[in-house]
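Me: I've got a model open and want to go through it bit by bit. Can you take my questions as they come?

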Amino acid sequence: MPELCLGVSGLSSQHHNLLWLVQLVPSWITRGREVRRRLSLVIIAKLLNKKHMRIPDDCDKQMSLLHQYLVYMKPSNMLEKMRKEEQQNVSEEHIEERIDTELEAEVYYLIYILLHLVSEASFFDTVNSDQRQHLLKLCGTLDKHIKCDIREDAKLFYRTKVKDLVVRIYGRWQDLIQNSRLTQ
């Protein structure tokens, strides 16, 4: 499976195409869901410019890795990092302002794709007590590092779209947590 995930993640460099590749893997069979989870983690690492690492087989370690990736997805940090990369190429101020708004939209679109991949990587049919603890930790991280970092603006609809996705993922995780509590 590691070779499969690495091979599929190398098929494209466009983040939206990589998401589509994950979504093409069938989710109605157990093996497909496992491939989707691992492939999502590999692609998240690739999009966050993290060096390739082997995705652990243990579900607990996968969730810990996902937690680390969520911290790296903080919009203000990603925007600052991309600004530094872009400022090396831009010298005029008025061009810089135009590029800054385009860059922010690009960062938020990347975060939107990354959050879809996070959702795929955290999909479980049933949740045991360890996974429940990881989901609680992921909820806190999602709220602290992503949701609270997004300042909505009527002119900047892409921010609202990302925040809406954060709320939907958070709600789904809370449902899984509540349902696992009932079965225990």
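Me: Is leucine 66 buried or exposed?
Reply: Helix H4 covers residues 59-72, and leucine 66 sits in it; helices here are DSSP runs of H or I with at least four residues, strands are E runs of at least two, and both are numbered from the N terminus. The cut-offs are under 20% relative accessible area for buried, over 50% for exposed, and partly exposed in between (1.4 Å probe, protein chains only). Leucine 66 has a relative accessible area of 0%, so leucine 66 is buried.

Me: Before we go on, what kind of model is this?
Reply: Residues are numbered from 1 along each chain as its sequence is written, and side-chain values use heavy atoms, with hydrogens and water left out. Local features need pLDDT of at least 70, side-chain atom pairs count only at pLDDT 80 or more, and totals for chains, interfaces and linings use all residues, since the model is predicted.

Me: Which residues does leucine 66 contact, leaving aside neighbours within four places in sequence?
Reply: A contact means heavy atoms within 4.5 Å. With those neighbours set aside, the contacts of leucine 66 are Leu41, Ile44, Val118, Ala121, Ser122 and Leu138.

Me: How many helices and strands does the protein chain have?
Reply: Reading along the sequence gives the pattern α-α-α-α-α-α-α-α. The count is eight helices and zero strands.

Me: What is the radius of gyration of the protein chain, next to that of a compact globule?
Reply: The radius is taken over C-alpha atoms, and the globule rule is 2.2 Å times the number of residues to the power 0.38. For 184 residues a compact globule would come out near 16 Å, and the chain agrees with that, at 17 Å.

Me: What share of the contacts with a separation of 6 or more comes from residues 24 or more positions apart?
Reply: Some context on the chain: 44% of its 184 residues count as buried, and its C-alpha trace spans about 60 × 35 × 25 Å along the principal axes. As for those contacts, the share is 74%.

Me: Which arginines pair with glutamate 34 in salt bridges?
Reply: Side chains of opposite charge can pair when their charged atoms come close. The salt bridge criterion is a side-chain nitrogen of Lys or Arg within 4 Å of a carboxyl oxygen of Asp or Glu. Glutamate 34 has its closest N and O atoms 2.7 Å apart in the bridge with arginine 37, and 2.8 Å is the N to O value with arginine 38.

Me: Why are glutamate 34 and arginine 37 separated by about one helical turn?
Reply: Arginine 37 counts as buried because its relative accessibility is 10%, and arginine 38 is buried too, with a relative accessible area of 7%. Glutamate 34 and arginine 37 are about one helical turn apart because they are three residues apart in helix H3 (residues 30-47).

Me: Which residue forms a salt bridge with glutamate 120?
Reply: The closest N and O atoms of this bridge are 2.9 Å apart, and the partner is arginine 36. The pair links distant parts of the chain, 84 residues apart, with glutamate 120 in helix H6 (residues 93-121) and arginine 36 in helix H3.

Me: Is lysine 61 buried or exposed?
Reply: Lysine 61 is found in helix H4. Its C-alpha lies 9.8 Å from that of histidine 134, 73 residues apart along the chain. With a relative accessible area of 52%, lysine 61 is exposed.

Me: How far apart in space are valine 162 and tyrosine 108, C-alpha to C-alpha?
Reply: Valine 162 is in helix H8 (residues 157-183), and at 2% relative accessibility valine 162 counts as buried. Beyond four places in sequence, its contacts include Tyr108 and Ile150. Valine 162 and tyrosine 108 are 54 residues apart in sequence, and in space the separation is 6.9 Å.
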